[in-house]
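Here's a quick briefing for anyone meeting this structure for the first time. Have a look at the sequence and the model, then read on.

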Amino acid sequence: MWSKIWKNRVEFYPYASIYLFWFLGSFVSSLRVQNRPGIVALGLITIPSILLITIATIKTYRKLPGELRHSGVCDADDVG
Amino acid sequence: MIFKADMYVKSEKELGKKFTIVAFGLLMLVIVFSTYLHHFQPHVLKVPSVTDVSTWRNPSFEQTNIYERMTDAEIEKMRADGIPGRGLLPVIFDSQGDLTAFLFASLCFLHARRHFGQWMASCFLIGSFIFTGLQESIAILLGRFTAGAAYVDAAQHVTYGTYFFCKGSLWFIETPVAVCLSWFWIAYACVWIARKVFPKMSLLARAAIGGLIALNIDLWLDPVATSPEFMQWVWARGDQIRILGINHSNFVGWFILIFWFAIIWEWLPRLADRMGRFKASFAFITIILVSDMGMLIYLILHNTIIVAGLLSLLGKSDIYFPQGW
């Protein structure tokens, strides 16, 4: 699984960016905030987004072998 | 004929490349000039001091949302020490610092280039950078120089400015480059996720879901980033609707900016088909500049007519949700 993800890592960059940003910028940072009771629990409000990001990540992973190698999603002439 | 068509496509691609090089070059010049003004000539744009909060005007320290929420000890600390974490290292390495924003923006740019090609990816980066950077800077400077007079509602509600950013090494007018880059990659990632999860949805619906994902993430991010421990940016008092201690116009802005930009960007291939990449690039930037003005007018109308109407309908002078934030 991991080697397949690593080979196609570019496909996961948007999800990885958002997860990391959410984790560091919101979760870890909220642990440092004092005198704001409930600011960590406020993170529950972002569950819908995290769910959608997870669904998109799983969908991307499932489509890796066929779609990304042969579907022509990428316009080769345009790249570069 | 085929040879001629091939030549045409090739020259169009060359022109598209030239446009992105020139646009990136101009953007760099504006960034260098803005950074020089911000750090070395702060009096020109009346940049608020990060070491002495007593010098703040429009808003003064006492006229900010954060002041209302601070304990006496936090207020004293702020007056004595200034903005926390303002050294170069936190500014660069923080989760919303320049380096982090550059890293995430690079990752999303590579993804965009693979799926949409160099020209479309560059247009997303340049377009979103200018669209949001200009919008933020106009709002900040309007607040700073007019105390947000344009946002004063029909009942002459008092405002004390709009907001401003406290940290950043590189600047685009009065918006940190890190913020502009973050707008780019967050907008791109959210719109991509909406596209991936709901592939059969119409463009309008996908753009709306992309905007809602970003807004949803910001509901947690903004209260954390503006807390006394971080103070990445500061909100002025005056907005009559506050959500989690943040002026509600921030959330309206998040949604509209991403929703509208996603629509304009997806029009780009059709524009290119009609007029070629070179002219389409200029048309794209023109639409963005006009949209910035349109958005500004909308936000003013929103704060003066829609909010005032909503509040009078509810029979309230302001709504703070939840109370105490």
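A quick word on terms: helices (H or I, at least four residues) and strands (E, at least two) are DSSP runs, numbered from the N terminus. This is a predicted model, where local features need pLDDT of at least 70, side-chain atom pairs count only at pLDDT 80 or more, and totals for chains, interfaces and linings use all residues. Residues are numbered from 1 along each chain as its sequence is written, chains are lettered from A and ligands numbered from 1 in the order in which they are written, and side-chain values use heavy atoms, with hydrogens and water left out.

**Chain A**
- You'll find 4 helices and 0 strands in chain A, and along the sequence the pattern reads α-α-α-α.
- Chain A has 80 residues, and 38% of them count as buried (buried means under 20% relative accessible area, exposed over 50%, partly exposed in between, with a 1.4 Å probe and protein chains only).

**Cis peptide bonds in chain B**
- Asn58(B) and Pro59(B) are joined by a cis peptide bond, with omega about 5°; Pro59(B) sits in the loop between α1 (2–40) and α2 (65–69).
- Phe321(B) and Pro322(B) are joined by a cis peptide bond too, with omega about -10°, and Pro322(B) lies in the segment after β7 (319–321).

**Positive phi in chain B**
- Lys46(B) isn't a glycine, yet its phi is positive, near 50°; look for Lys46(B) in the loop between α1 and α2.
- Met231(B), also not a glycine, has a positive phi of about 45°.
- Met231(B) belongs to the loop between α7 (203–225) and β4 (233–235), and Met231(B) is buried, at 0% relative accessible area.
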